[in-house]
Each structure stands twice: as structure tokens, then as C-alpha cells.
Amino acid sequence: MRRRTLTAATTLALVFSSVALCATPASANSSRPLAIQDARDTVVDGPHHRVYLSDTYNDRIVVTDYTGKVTATLTGLAQVRDLELSPDATTLYAAVEGADEIVAFDTATLRRTAAYPTGEKTAPSRLVLADGRLWFGYGDQWDSDLGAVDLTAETPTVTLGLAAGHDFASTPRLYADPDNPGTLLALDAGISSGPIIVYDISTGTPAVRVSADKGGFYKDADLTPDGRNVVVAGPGSRALTEYRLSDLAQVRTYPVASQPETVAVAEDGTVAATVLDTDDLGDTYVFSATDPTRPPSIRNLSHNWMPWGGHSTDWSHDGGTLFVLTGSAGAMQFNTLDAPRKYVATLKVDAPATATRGKSLTVKGSLASGLALPAGTPLTVTRTDLESPKGKSLGTRTLGAAGAFSFKDTPPAGGSVKYTVTYAGDATHTAATASDTVAVSRVTPALTLNNNGKVYAYGTDVAFAAHLGTTYKNRSVEIWADPFGADKPKKLVKTGKVNKSGNLWVTLDMSRDTTLTAVFKGDARYAPRTVKATAYAKVKVSTALTKHYKTGKIGGTTYSYFHKNTDAIATTTMTYYKGRKQRLQLQVYSGGKWYDSASEYFALGSNGKSAVNLGHAGKSGIRARVRSSYVNGSSGDSVNSTTYGAWKYIYFSN
């Protein structure tokens with residue numbers, strides 16, 4: 001169903017390219033989301049560098065490149081199932097179960113070139129090309145059978161009922177290879193007693209050559225490169241099994257730790273398989289073609305169960321790349337493994353959580369692989385810190401017994417120190433790298449800001465100084481100013497190196513309460529530090545009286561004189577802020593003392609002014625005074641410090 005025919009020249013080229021592949025480092029693997037519901041079959045088209053996937057649920061064939069990028073979609077294929085590529089890769093055949101036909105596509109144009117109806121309700125679902133015929137499995141359960149389309153006839157003809165006396169319990173899964181002509185393999189996979197059947201098709205009419213019950217419920221299968229053996233996913237739940245087609249004798253088992261689901265055999269005989277992997281221990285196995293005693297290379301491509309019910313694993317045409325689908329139900333991933341025969345090397349690095357600068361520490365770790373690496377394997381070590389932000393080589397260390405390693409180092413810089421260990425890989429192992437980080441101690445420097453808590457008149461220019469004590473190399477400080485109020489964001493007002501006295505100065509115009517922050521970002525030996533100071537600013541406020549007829553002094557205090565029936569008007573001018581109100585306080589003089597008469601808050605206009613009619617006394621000899629104030633929190637905002645205006649004095653006369 002997926003066998004690829006190679007000429008002798010191509011086969012030799014493959015052998016030499018495989019040697020070269022093992023001698024050079026592998027490129028990175030890749031994974032790409034693939035929006036298909038399921039994949040009942042995958043076929044690799046080497047000459048066009050394509051992969052064809054039958055998305056049965058969505059009635060289409062999805063065409064991708066070798067990275068899983070979708071390049072085309074062939075639609076309108078009701079319940080499309082098995083796919084088959086002609087030996088010259090010019091024609092793609094598809095079993096379209098829901099349309100009772102087999103269709104052909106030109107791989108150069110991806111246009112449909114032919115359709116072969118197989119008969120009403122035949123539902124062809126399994127397909128293989130052998131000896132000039134398209135053999136197909138059709139039907140459902142005990143009504144299943146074997147049919148063929150004779151492509152050698154001038155007008156291709158369809159023949160049904162070719163099972164040669166065998167009563168299939170499910171649609172037979174079919175396999176063939178041009179290197180073993182006259183042979184057709186059928187798996188009766190839907191029942192525990194379902195046999196493996198080898199047909200002789202040399203006459204065009206199938207005849208059972210050999211049949212054997214191997215336990216049924218076969219999940220998938222693929223032929224060896226010469227077409228004379230088959231590797232079956234099952235029949236057990238813990239192994240792949242290889243059988244010889246001549247007599248169906250068992251040749252070899254390929255042990256796996258979970259139920260096998262798919263299998264694909266490369267042109268050099270390397271066997272790849274995926275397993276259900278319910279315990280998330282490893283889902284993709286690759287077995288050596290030349291050394292049965294060598295353990296499999298195991299990868300864990302997905303933390304979910306692997307797909308089942310279809311052929312979702314295949315090799316590239318040259319056998320150098322393995323394609324594996326993971327995921328399910330429209331959320332699949334197309335995985336490309338560029339060095340599938342290599343064993344995955346896993347590095348672990350364990351450094352102390354904390355350490356003291358200038359004192360020795362020990363870094364430990366391990367290098368593990370399915371094929372153990374010998375003691376003495378070289379590892380390179382790099383230290384990255386504030387002194388060496390691009391990394392500094394610490395040379396080569398060697399692997400000890402049982403895959404363990406350790407080394408000592410004295411960190412010259414404090415802060416976050418990362419130790420990275422790298423294994424370069426070899427002909428049989430992938431490269432690996434890992435790191436761990438140590439928090440190395442640093443001295444806390446002295447850092448202060450002056451003027452904390454001081455209150456200034458509105459508009460005062462105030463000089464602030466950040467003072468930095470002893471450090472190693474960094475002598476720069478940032479000063480940030482954050483005025484109170486949401487309308488003015490925090491901003492950097494000064495940055496630079498401190499002077500020889502350790503000070504960095506900045507002058508601010510104090511129009512609001514302001515929090516200043518001094519930031520030292522640290523260096524290799526001194527830790528970062530941040531300090532804050534808050535300075536306060538009053539508002540600018542004044543009060544003016546109008547409608548008085550003169551001014552004069554009473555006991556050294558200047559009064560505004562009003563006729564007893566004239567209303568006094570007090571106009572306040574105050575620094576404006578949205579929603580701000582001024583507090584107007586009125587006191588009356590009696591018996592040698594001032595007594596509170598009234599106080600009230602009045603809103604400021606956008607020009608910062610507020611005019612209030614204080615009324616009149618109605619009789620002469622009355623003395624009063626008034627003042628305007630801003631009260632933090634009570635005047636509608638909290639961006640300035642409480643500010644009391646000057647008293648304005650009033651005298652009512654005749």
C-alpha cells in the first residue's frame with residue numbers, strides 16, 4: 001500500500017547517502033499544526049517532495065510539503081480511505097469508499113484523470129497496486145471481499161469476489177511490492193482469529209499460497225524492502241512482529257512498551273513504529289535494521305495518546321526523514337524527524353540554588369540515552385554572567401561512570417550565573433544541551449535620596465541628590481519623578497554617572513507632591529538597589545475683597561471697609577486641578593477673640609478662580625475675616641499639600 005520502487009542506482013545512492021547522514025550532525029526536527037480531523041493513510045511522494053494524507057472525515061486529500069505545510073487540497077472525495085502511489089510517482093490512486101469508486105490523480109497537476117466505479121454499495125476502502133492491477137478490499141464486516149481493477153486492459157475492468165474462498169470478517173488490508181511480483185498480502189484485521197493471507201496473483205486470479213492465524217486485530221503493517229517479509233503492528237499489544245511471506249513463520253519481534261498503532265519500514269530496513277503511549281513514556285520507536293540486539297531509539301513527540309485507526313507514520317523517499325502525525329480531532333501535528341535513527345540524548349544540569357561570589361561551587365548532572373554513552377564522552381561548559389553576558393567557555397569536561405558528571409567553578413561575578421553544558425552528538429546520538437542558574441551573592445550598596453518629607457511653596461526649584469556609595473564598575477544612577485495625580489505619569493528625569501562625591505543632582509520645579517526614585521542597576525559585585533523619597537508642594541492661593549469703599553488700619557491690621565448694607569465679595573485664585581475646590585473660612589471678632597462663623601467648599605473654575613458673596617452685616621462696628629485654603633483630600637484631590645491662604649479683614653461701618 002505504501003511500498004516505493006527504487007532502481008538499483010537509486011538503491012546504491014541511498015546506501016551511500018545513509019552513510020553520509022550518520023557521519024554528519026542532524027538538523028533540527030520540526031512540528032507544524034495540521035488542521036485535519038484524522039488521517040486514514042499517508043503516502044510520501046519523493047520526486048515531488050510531498051506527503052498525501054487522506055482526511056476521511058472531511059472527504060478530502062490534504063497535500064503537504066516535507067514540513068507539513070499544506071500546499072493543496074483535493075476535495076469532493078466522500079469518505080476517502082487508502083492511497084497508493086504508482087512506482088513512477090506520476091499517479092496517485094485513492095479508494096473513495098462513500099462514492100463506490102477508485103479515482104486517479106496526475107501528481108504533476110493534481111487533477112483527477114480517471115475514476116473506476118467498483119459497484120453500488122461496494123464501499124472500497126483498502127488499496128494496493130501490484131502486477132498491473134489495482135487490488136482493493138471492499139464491503140463491510142462479513143460482507144467484505146477482494147476486488148481488482150485491471151489497468152493493463154485497453155478499457156480497465158473491475159472484477160469482484162476474488163477472495164479465493166476466504167470469508168473475510170472485515171475489509172482486508174492489502175500490501176504488495178514490485179520486488180516480490182505475483183504476491184499479494186491480505187490481513188483480516190477485524191477479528192481475533194483473523195489470519196494473514198498470502199495470495200499468488202501471478203495469473204491475475206488470486207490463489208491462496210499460505211494462510212495462518214496470527215492473532216488478528218492487526219493495527220497496521222508494512223513490507224520489508226525486498227517485499228518478502230511483513231512487519232505487523234500486533235497481534236499482541238506489546239510488540240511488532242515480522243513474518244516471512246513464504247511460510248508466515250515468525251522472523252523477529254520488535255518490543256514496544258505500549259499498544260503499537262502504526263509501522264513503516266525504510267528502504268534500508270529500519271523499522272519505525274508509533275504506540276498508543278497511554279503512560280506518556282515514549283510514543284515513537286525506531287529499530288536498527290542491522291543490529292537486532294540494539295535497543296530502539298525512542299522519542300516522546302506528544303504528551304497525548306497517539307492517533308489510532310490509520311496509517312500515520314511514513315519515511316521519506318530516501319529513508320533519511322521520518323514523518324509522524326500526533327494529536328487528533330482537527331488538532332493534529334505534522335512532525336518531521338531529520339535524524340530518526342539517532343538516539344535521543346538527554347542532559348540534566350543541577351547547580352546550587354545560591355552561592356557566594358568568589359567561593360567554589362559544584363555543578364552536577366547526567367547525560368542519558370537509550371544507547372548509553374561511554375565514560376570520557378566530552379562535554380563543553382559555558383558560564384554566562386554579568387561579566388560575560390555572551391558566555392565564557394570553561395573548557396571541556398568528560399562524562400563519568402553511569403552517565404554522571406560534575407565540575408567545580410568559582411564565579412567571579414554575582415547575580416544570576418548560568419552554567420550551560422553541551423553534548424555535540426555523534427553518529428548515533430543527537431546533540432543535547434541543558435543549563436541551570438545560580439543566584440550568586442552581591443554586596444548591597446549605599447544609596448540615598450535627600451529632601452524626603454520636606455514641604456515646599458508652589459513653584460519652588462528644588463535640587464535633589466541621589467548619593468551612591470562604593471560599587472565595583474557601575475557608577476550610573478537613574479532618577480525618576482512621579483508627580484501625584486493620574487494625569488502625569490512617572491518619567492525619567494536624570495540618568496548618568498555620579499560625581500566624585502557619589503552624587504547625581506537634578507532640579508525639579510515643585511508644583512505637586514512628587515515621589516522620586518533613585519535606581520542603581522547593579523554590577524558584577526554589587527546588587528541592584530532602589531530607594532524612594534517624597535517631597536511635597538503647596539498650592540498657590542490668594543484672596544481678594546471687592547465692593548469696599550476704602551482700606552484702613554485697626555490696631556496695626558489692614559481692613560477693607562464696607563458700608564453696613566453692602567455685600568462683601570471674596571474672590572479666590574488658586575492653582576487649578578480638575579475637580580478642585582477651595583475651602584472658604586469666615587470668622588467674626590467679639591470680646592477680643594476671633595470666633596468661627598462659617599466654612600464651606602466652593603468649586604474652582606477652569607481659570608482657578610472662585611467668587612463668593614459673603615453678604616453684609618446690616619449694622620456698623622462689625623469686624624470679620626476670611627481666608628481660602630486647599631485641604632489635601634477634602635478639596636477634591638490629593639496632589640498637593642494642605643495650604644492655608646492669608647486672612648483678609650473686613651469692617652462694616654455706617
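Visitor: Why is Phe-562 called buried?

Guide: Phe-562 has a relative accessible area of 0%, and buried means under 20%, with exposed over 50% and partly exposed in between (1.4 Å probe, protein chains only). Therefore Phe-562 counts as buried. This is a predicted model in which local features need pLDDT of at least 70 and side-chain atom pairs count only at pLDDT 80 or more, whereas totals for chains, interfaces and linings use all residues. Residues are numbered from 1 along each chain as its sequence is written, and side-chain values use heavy atoms, leaving out hydrogens and water.

Visitor: Why is the pair of Phe-562 and Phe-652 called tilted?

Guide: Rings of Phe, Tyr and Trp (its six-membered ring) pair if their centres lie within 6.5 Å; planes under 30 degrees apart are stacked, over 60 edge-to-face, and the rest tilted. Here the centres are 6.0 Å apart and the planes at 40 degrees, so the pair is tilted.

Visitor: Which parts does the pair of Phe-562 and Phe-652 tie together?

Guide: Phe-562 belongs to strand 47 (residues 557-563) and Phe-652 to strand 54 (residues 648-653), so parts 90 residues apart in sequence are tied together. Strands (E, at least two residues) are DSSP runs, numbered from the N terminus.

Visitor: What makes Lys-550 lie over the face of Tyr-561?

Guide: A charge sits over a ring if NZ of Lys or CZ of Arg is within 6 Å of the ring centre and within 35 degrees of the ring normal. Lys-550 is at 4.7 Å from the ring centre of Tyr-561.

Note on methods:
Helix = DSSP H or I, 4+ residues; strand = E, 2+ residues; numbered from the N terminus.
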